[in-house]
Amino acid sequence: MFKNRIYIVGLAFICAAYSACKVPDFAQRHENKTVPLAFNGTAETDTLSSGKVQWRQFFTDPYLVNLIDTALKNNQELNITLQEIEIAKNEIKGRKGELLPTVGYRVGAGLEKVGRYTSSGAGDASTDITPGKEVPEVLPDYSFGLTANWEADIWHKLRNAKKAALTRYLSTVEGRNFVVTNLVAEIANTYYELLAQDNQLEIVKQNIALQSNALELMKIQKQATRVTELAVRKFEAEVLSSKSLEFDIQQQITESENRINFLLGRFPQPVPRNKSGFTDLVPPTVQSGIPSQLLANRPDIKQAEYDLAAAKLDVNVAKAQFYPSLGISASIGYQAFNPNYLLRTPESLAYSLAADLAGPLINKNAIKAEYLTASAKQLQAVYNYEKTILNGYIEVANQLSNISNLQKSYDLKSKQVQALTQSIDIANDLFKSTRADYFEVLMTQRDALQSKLELIETKKQQLNAVVNVYHALGGGWSASPTQ
């Protein structure tokens, strides 16, 4: 009968331990890393990618290079990201420490007085000792020694946590690289926008001078009764409109300069630049390579991949919480009620060694919730990884198409500017010979101004498109082979 009871108890314990170790199921999904063979829909064999070109080689304007150099040293967002890397490093150190035994020291002193009519007091042999030889009613206690605790990592819970911390550190490094790529692209785009505004301002000033001359001509023609006061007022209004546009562009220049100053981490000041030859700038040739190179070139994709790996490790850590853990503790030292006896060996020597196996049995809702949460975060990481790949591919495809279309648009606008510029002289000559009225002269000047401003805007968009495709290909985070 006694053996049967032991058998039943043992069987019940095994069943309870099995139920305690049973892990709930969760939805799993493997990430999809497949991408099209090319960005333009046709087979692509050229693996040369501009995303691997260092930004010092990609950007040749010395003023722009100096601005980027300054930003990489002083930009606040980048410096914040660098501190996140330090935080991730400290997390790795903390996880490594959990794998090792914790050893500490203990020094103590105290007093103890137990009640006579308690188990400790009634069982004290000193009750019957002759007077003068009793243990003192208030008993001092002095001790010092070492303590140690260690959890045996049977299920690799601690090691997986350390790997997850290491993976997140690598993720923060890629996050820093992604911040750098964004910073380089934003400075370059703003710099080209600033150059475009400088050239637009110069065109507006030239047009004001042209319109002012036309206004003086209208005044002379009015005195000769060849035109009415209406023509004079129309040309005067056009001059005022152009002067108003001049101040609008000056405000845009101030805002663009301060945007660059903000990215460089400095207070407002003039931004050095070469204002001449903007329309003659030739955008660098961009090599797109093959889409699969985005997985290795783009820091945000690599960051999402590390985040996914860390999320998978977190699932394993949460899963190990269902299994029993083995803990070992030990202590050694000296203890005595009298300091004179404290170092007597072996009388005052005290030590202990214990091991315990503990695991969850009933009411595991907290552990289940943590496990299911880790599983859901792992699915989130999968979707985020796939979304980042898809976003990178679409960004490159859009910008490559944009470069091609902008070049065609720029060629047509250049011809338009040339035709309208010639039409100004023609309109003036026809007006002087009374073969055209003042309205035709006015509209010709207005159309020419608008076409020149649009040509500058298209050139800026061309340069921005090249910067954007360079950024989309993952370029800009490396300045030298050793970085």
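1. Let's start with how α10 meets α11: in this predicted model, the two helices pass each other in a left-handed crossing. Helix α10 covers residues 365–432, and its axis comes within 7 Å of that of α11, with a crossing angle of roughly 160 degrees. That angle makes α10 roughly antiparallel to α11. Sorted by class, the contact between α10 and α11 holds 18 nonpolar, 16 polar and six charged residues.

2. Helix α7 (residues 229–263) packs against α11 (residues 438–472) at about 10 degrees, and the axes are 10 Å apart. Angles under 35 degrees count as roughly parallel, and α7 and α11 are therefore roughly parallel to each other. The crossing of α7 and α11 is left-handed.

3. The contact of α7 with α11 comprises nine nonpolar, two polar and three charged residues. As a reminder when reading such lists, an α-helix has 3.6 residues a turn, so residues three or four places apart point the same way.

4. How do the lengths of these helices compare with expectation? For α7, the 35 residues reach 52 Å from first C-alpha to last, close to the 51 Å expected at 1.5 Å a residue. For α11, the 35 residues should span 51 Å at 1.5 Å a residue, and its end C-alpha atoms are 50 Å apart, which agrees.

5. G265 follows α7 and has a positive phi, near 70 degrees.

6. The angle between α9 and α10 is about 165 degrees and their axes are 8 Å apart, which makes α9 roughly antiparallel to α10. This crossing of α9 and α10 is left-handed.

7. Which residues make the contact of α9 with α10? On the α9 side they are D300, I301, A304, E305, D307, L308, A311, K312, D314, V315, A318 and K319. On the α10 side they are E370, Y371, A374, S375, K377, Q378, A381, V382, N384, Y385, T388 and I389. By class, the contact of α9 with α10 has 12 nonpolar, four polar and eight charged residues.

8. The structure holds nine aromatic pairs, and one of them joins F322 and Y371 edge-to-face, with 5.6 Å from centre to centre and 90 degrees between the planes. F322 sits in the loop between α9 (299–320) and β3 (325–336) and Y371 in helix α10, so this pair ties together parts that are 49 residues apart in sequence.

9. Two backbone details in loops are worth checking on your screen. The peptide bond from T345 to P346 is cis, with omega near 10 degrees, and P346 is found in the loop between β3 and β4 (349–358). H156 is not a glycine, yet it has a positive phi of about 60 degrees. H156 lies in the loop between β2 (139–152) and α6 (157–223).

Definitions and conventions
Residues are numbered from 1 along each chain as its sequence is written. This is a predicted model: local features need pLDDT of at least 70, side-chain atom pairs count only at pLDDT 80 or more; totals for chains, interfaces and linings use all residues. Side-chain values use heavy atoms; hydrogens and water are left out. Axes are lines fitted to C-alpha atoms, for helices over the stretch in contact, and angles run from 0 to 180 degrees between N-to-C directions. Helices (H or I, at least four residues) and strands (E, at least two) are DSSP runs, numbered from the N terminus. Angles under 35 degrees count as roughly parallel, over 145 as roughly antiparallel, 65 to 115 as roughly perpendicular and the rest as oblique. A crossing is left-handed if the near helix is turned anticlockwise from the far one by less than a right angle, and right-handed if clockwise. Ala, Val, Leu, Ile, Met, Phe, Trp, Tyr, Cys and Pro count as nonpolar, Asp, Glu, Lys and Arg as charged, and the others, Gly among them, as polar. The expected span of a helix is 1.5 Å times one less than its number of residues. Rings of Phe, Tyr and Trp (its six-membered ring) pair if their centres lie within 6.5 Å; planes under 30 degrees apart count as stacked, over 60 as edge-to-face and the rest as tilted. Contact means heavy atoms within 4.5 Å.
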